[in-house]
Amino acid sequence: MPARLFCKTGELAGSAYSIGREATIGRLDDNQITLYPSYVSGYHARIYFDEAEGRYFLEDLNSSNGTELDGVPVLEPVRLDQLHVITFAHRVDFIFHAVAEAEAPVFSGSVLETSVSDDSRDKTYVGDIFAPLPDLSGLGAEDTGEKTRLRDPFMDMKTPATPQDSGEKTAIHEAFMPMPDLDLPPASPPAASQDTPGDAETTQTPSIEPVPFKLIVTMPDESVETFVLEEGAQIIGRELSCDLTLPDTSISRQHARITVKAGKVILEDLGSKNATFIDGNRITTPVEIHLDSLIRFGLSIEASLERAS
């Protein structure tokens with residue numbers, strides 16, 4: 001019973017593979033399935049068919065950034081069922097689909113990467129697995145009924161509408177009691193309205209707009225990512241839960257903290273394994289960074305600060 005892997009989102013979207021009895025997945029070319037991003041280990045995981053169980057199993061090969069099945073880390077071989085989601089290195093999601101013999105493509109090796117036309121057919125097939133959406137056409141009439149019932153409490157306060165009035169507008173207008181005539185003397189105009197422009201400026205407190213910044217990060221493969229820095233503190237690290245995620249093995253899970261406050265940007269190392277550097281100097285205390293500061297996280301990720309346009 002062959003199987004297939006589909007990637008539908010992210011930088012590998014459109015990738016599709018057919019699996020025979022066994023396939024290893026990793027960054028090196030001698031894997032049956034080669035995934036090129038640097039955060040994928042050389043030999044990352046393995047999918048194999050267990051004859052005794054009559055099922056496919058997924059196994060992590062001690063990868064640096066891990067393998068997950070439906071969001072749960074794979075610590076030992078686990079059984080694969082239809083439409084399970086396999087995640088490599090917290091970044092690449094694949095859909096697993098066991099193929100019936102009648103649907104299986106003919107292939108000679110353990111794995112065959114599909115062509116463009118095959119991928120298009122695979123995408124159509126995966127879409128057909130899901131049940132059609134329920135018919136929502138009848139909801140409009142019920143929704144109209146609910147809105148009518150919500151307006152019913154005003155009916156008791158509504159006077160008969162004149163021919164010139166619409167029913168709903170008349171009901172809402174006459175639901176409120178008229179304001180009493182307090183016969184108050186007219187209020188004197190505010191003093192500010194008589195001031196000259198120069199006087200008005202002396203009495204108003206100018207608002208201070210926060211200065212937006214962005215962090216330009218150059219990855220080891222020379223790709224560039226831009227992060228807009230919000231006012232306040234943001235955590236930089238390898239974990240997906242960080243505000244700024246840097247998927248590199250030299251970066252600690254929570255590597256550093258960058259804080260934007262009152263137009264200043266402060267960088268602080270959080271005891272990372274491979275340290276944080278400004279202008280070539282390792283920092284051990286919070287340091288203000290400037291537009292000309294040269295920043296390095298870990299062994300090879302460089303960054304610089306710019307003003308956001």
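So, to start: which way do E1 and strand E11 run, and how many bridges join them? They run antiparallel, with four bridges joining E1 to E11, which covers residues 92–98. Keep in mind that this is a predicted model.

Now the side chains of E1, which spans residues 3–6. In a regular strand, side chains alternate between the two faces of the sheet. Here Ala3 and Leu5 point one way, while Arg4 and Phe6 point the other way.

Next, the open sheet. There are five strands in it, in the order E4-E3-E5-E6-E9, and the pairing is mixed. At the edges sit strand E4 (33–34) and strand E9 (78–79), each pairing on one side only. Inside that order, look at E5, residues 45–50, and E6, residues 55–60: six bridges, antiparallel. Phe49 has Tyr56 as its bridge partner in E6.

Side chains of opposite charge can pair when their charged atoms come close. How many salt bridges does a search of the whole structure find? Six. I'll show you some of them.

One is Arg21 with Glu51, where the closest N and O atoms are 3.0 Å apart. Arg21 is in the loop between E2 and strand E3 (22–26), and Glu51 is in the loop between E5 and E6, so this pair ties together parts 30 residues apart in sequence. On accessibility, Arg21 is partly exposed at 48%, whereas Glu51 counts as exposed at 56%.

Then there's Glu59 with Arg46, at 2.8 Å, N to O. Glu59 lies in strand E6 and Arg46 in strand E5, so here the parts tied together are 13 residues apart in sequence. Glu22 comes in as well: Glu22, Arg46 and Glu59 are linked in a network of salt bridges.

Last one from me: Arg79 and Asp81, with the closest N and O atoms 3.6 Å apart. Arg79 is partly exposed, with a relative accessible area of 40%, and Asp81 is also partly exposed, at 24%.

That's my tour, thanks everyone.

Key
Residues are numbered from 1 along each chain as its sequence is written. This is a predicted model: local features need pLDDT of at least 70, side-chain atom pairs count only at pLDDT 80 or more; totals for chains, interfaces and linings use all residues. Side-chain values use heavy atoms; hydrogens and water are left out. Buried means under 20% relative accessible area, exposed over 50%, partly exposed in between (1.4 Å probe, protein chains only). Helices (H or I, at least four residues) and strands (E, at least two) are DSSP runs, numbered from the N terminus. Two strands pair if DSSP finds at least two bridges between them. A salt bridge is a side-chain nitrogen of Lys or Arg within 4 Å of a carboxyl oxygen of Asp or Glu.
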